[in-house]
Number of protein chains: 2
Amino acid sequence: MNIRRLADHLNISIGTVSRALNNRPGVHPETLEKVLKAATELGYVANQSGRSLRRGATNTIGFVIETGHPAHQAGDQFFYVVLDAMNLYLAEQHYDLVILPCHSADDPVEFLSRVIARGIVDALVMTATRRVDHRIAQLAKSKLPFMTLGRSETPGNYSWIDLDFEGVALRSVQEAVKLGHRRIAVGLPDNDVALGYHYKSGYLKGLAEAGFPVDESLIIRVPTSEMGGFSLGKQVAGMADQPTALLLCSEVTAAGVYAAFGDMGIEAGRDISVVAFRENPLMRFLNPAPACFRLDLNALGTRLGETVLDLLSPDEEVSQRRGEIVPLSFVPGKSLQPPRSGGV
Amino acid sequence: MNIRRLADHLNISIGTVSRALNNRPGVHPETLEKVLKAATELGYVANQSGRSLRRGATNTIGFVIETGHPAHQAGDQFFYVVLDAMNLYLAEQHYDLVILPCHSADDPVEFLSRVIARGIVDALVMTATRRVDHRIAQLAKSKLPFMTLGRSETPGNYSWIDLDFEGVALRSVQEAVKLGHRRIAVGLPDNDVALGYHYKSGYLKGLAEAGFPVDESLIIRVPTSEMGGFSLGKQVAGMADQPTALLLCSEVTAAGVYAAFGDMGIEAGRDISVVAFRENPLMRFLNPAPACFRLDLNALGTRLGETVLDLLSPDEEVSQRRGEIVPLSFVPGKSLQPPRSGGV
DNA sequence: GCAACTTTCGTAAACGTTTACGAGACGACC
DNA sequence: GGTCGTCTCGTAAACGTTTACGAAAGTTGC
C-alpha cells in the first residue's frame, strides 16, 4: 500500500493525498476527512525511506549506547526508565526513537560515521561521554545535531545534560565531615569517563572547605562494576590506616563494597561509613541501607527528549545549544554514621 | 557527498560507481580500486534512504524491547551482553542493529504497525513473548520476517529461541527432592509472559516424577522485580505450613527474597532452600551463594543473530522457520541444603 | 461582464540509489 | 574484413514521497 494506490482508491491525485496527510493548508475539509478515513481504513503509513529521501529528515532520534562496555553492563533499570520517558515525550512530538548499540569490537568513530552518512536519524543523544571524546569532535565536524548525556571538555556546538556529580561529591564530603569524619576515601572510575573528573572535583572542593589535606592513597580507581566495588571494598578495608568513610560515584559498586565488607567482618556505617551515588531499587535490599542521592529518572528522560528536539527547532532562540546540570537530593541512610573513634 | 558527486570527481558514471561499491561483476579491476579509494578518501557512505527505497531492503535488523515494563526494569546486564554479541555477528554480515523501544503508554500493536509500514527494518526480533501474543498474529499477517525470544503458543510462520525454563524447573525440583525436600514452593510471574508457563510445567513434571501432590498454595505469583521477590519471600516465610524449598524463575526476584528472609531472621539454605534462575554477577554478592543455572549470553546473542539472518536467506532450506531451546547448566550453591527436619 | 483574487487540486520534478538495457571497444575466429 | 562474443561502461527508469508551480473553478468587486 503506497500513496499512489491510496490516491487511486480515492480518485484523487497523490499530491492532494500527501497534503492532506501532512496537514498542509489548501485542502478542502471534506477531502481531508475522506483521505484520513481511507488511510486508517487501508492501514496506510508513509514509507519512511521515500519520505526521508525527499525531506532530508527522518523524524527519528538516535540514542547511542555502548554495549559490552563495563560501565554499562552494570545497567540497572536506569536506561529502561529514562528511555521510556524520553520515548514517550518524543512520540508526542511525532518523533521515533531508535537505540543504536555500538558494539564493543567496533571503533566508535567508524560506527558514528556510518550512522551520520547513512542518514537514519535527525539527531543523536550520546552516552558514556568522555572527558576528551573523539566522537564529539567528529560529530561537531558533521552537520548532524547532537547532545550528550554527561558533559565533556571537548569543545563543539552541542547541548548537554549532566547529573551533578560535583555537587553530590561535595555534599557527600560535607555530610561526612559534619559527623566527624576526617579520613574520607573515594572510589573513582578507572577510565576517562567525564563523571569521574567532576566527582573528584567535588570531593577535593569538600576537603578544601573543611581544611583537610588531600591524601592520594585515599583516591582509588576501580572499574565501574560489582567486581570493581568488591575490589574497592577489600582495598579500603585492608588499609593500615583505614579511612572512616568511603564515597562512591556509582551505585553498582555499592553491592560489591558491601560484599567485600561482609567478607572481612566489617559493617558499613558502624566500621566504615559509605555514601553511594544514585538511589535505586536494589539498595532497598542492602543492609544497612546506604546513604545515597535521589534522581527523578522520568524527569530526566523527558528533559532529554525536550533538549534533543530543541536542537532541531527552526527558531534560533530555541535551537541554541545549552548545558544543564541536574541536581540530586540527599537521602540519609544507615550506612553513614559518626566514626567509631570520633575521628582520627 | 552523494554518489553523483563521487562519480563526477572520478569522471565516471554513477552506474559504474554503484556497481563498484556493491561488488557487482563487470567492473574493471582498475576502476574498482579507484572507486573504493576515492570513496574512503571522501568519506562516502551510501545514503540509507535512497538505497532502501530502491532495494526495498534496509540491511537493518530491529530488536523490539518494552521499556517501562516491570519484567524489563529488572534488566541486569542480560540485554547488554546479548545485544553486544548479536550486534557483533550482524556487523560481520553487513547488517545493522537498531533497538526499537516500545514505550509503556503505547499500544504494542499500533507500535508494530508503524514499524512495519515505515519499512525501517528487514526483520524483527521480539522479546517479552506472551503465551497468547497479539503481536505475533499481527506480524504473521504482515510479510515482515520475525523471530521471538521466548516461544509463544500463538501460531505463525516464525522462528524462535527460548531458554529451557521447563528443564530448569524440572532440574530444580529434582535437586531439591534429592536432598529430601517435600514441600517445594515456586514463584511465578503474575502476567501472561510465556516463560512462566514453561517453568510451571517443569515444576509440575518434577512433582509428578517424585510422586508428590500439587499444593496450589505453594504456587505464588508476583511481579518479576526486586519488590516482587521481597513480597514472595515474606509470603513464603510467613506461611503456617512453611515450605522447605523455594524455586525462582527469575534472578531479579532473588535479591528481594533474600532481603525478606533477612528481615524475618530466616537464612536461605539453612531455613528455607532457594534455587534461583540465571547466574549473574550480582549473585556473587548474595550470601549464601544461590544455587542457580548458567547461561552463555554471548553464545545466545550470536545465535539470535544467526537465526534472524537465516530468515532472510533466499535459500528455502535455510530460511525455513525453526525453534530452538537453549539449555542451562546447574550451578550448585549454598542456598540449597537438605531441609532442617529432614522433610515434613 | 470583466478583472482580480481565492480556493482547491493536478502535474511533475526532485531526493539518492540500484539495475536492466544497450552501446562502444576490443579481440578471436573463420 | 566481417561476424560474433566478451568486457566495460553510460543511460535512464524506478523505488515512494513531498512540494513548487500552474491550472481550473469559484468568488468578489467594480
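Predicted model: local features only at pLDDT ≥ 70, side-chain atom pairs only at ≥ 80, totals over all residues.
Me: What area do chain A and chain B bury between them?
Reply: The size of an interface is often given as the accessible area lost when the parts come together. Buried area is that loss (1.4 Å probe), summed over both parts. Here chain A and chain B bury about 4300 Å², with 62% of it on carbon and sulfur atoms. Tyr80(A), Arg118(A) and Phe285(A) supply 19% of the area that chain A buries against chain B, more than any other three residues.

Me: How many salt bridges are there between chain A and chain B?
Reply: A salt bridge needs a side-chain nitrogen of Lys or Arg within 4 Å of a carboxyl oxygen of Asp or Glu. Between chain A and chain B the count is four. Arg114(A) forms a salt bridge with Asp96(B), the closest N and O atoms being 3.9 Å apart.

Me: And inside chain A, which residue forms a salt bridge with Glu66(A)?
Reply: That's Arg130(A), with the closest N and O atoms 3.6 Å apart. Helices (H or I, at least four residues) and strands (E, at least two) are DSSP runs, numbered from the N terminus. Glu66(A) sits in strand E1 and Arg130(A) in the loop between strand E3 (123-126) and helix H8 (134-141), 64 residues apart. Glu66(A), Arg130(A), Asp133(A) and Arg135(A) are linked in a network of salt bridges.

Me: Are Glu66(A) and Arg130(A) buried or exposed?
Reply: Buried means under 20% relative accessible area, exposed over 50%, and partly exposed in between (1.4 Å probe, protein chains only). Glu66(A) and Arg130(A) are both buried.

Me: Where do Lys234(A) and Asp263(A) lie?
Reply: The side chains of Lys234(A) and Asp263(A) meet in a salt bridge (3.5 Å, N to O). Lys234(A) is in helix H11 and Asp263(A) in helix H12 of chain A, so the pair ties together parts 29 residues apart in sequence. Lys234(A) is partly exposed at 32% relative accessible area, and Asp263(A) is exposed at 51%.

Key: Residues numbered from 1 in each chain as written. Chains lettered and ligands numbered in written order. Heavy atoms only, no water. Buried area = accessible area lost by both parts, 1.4 Å probe.
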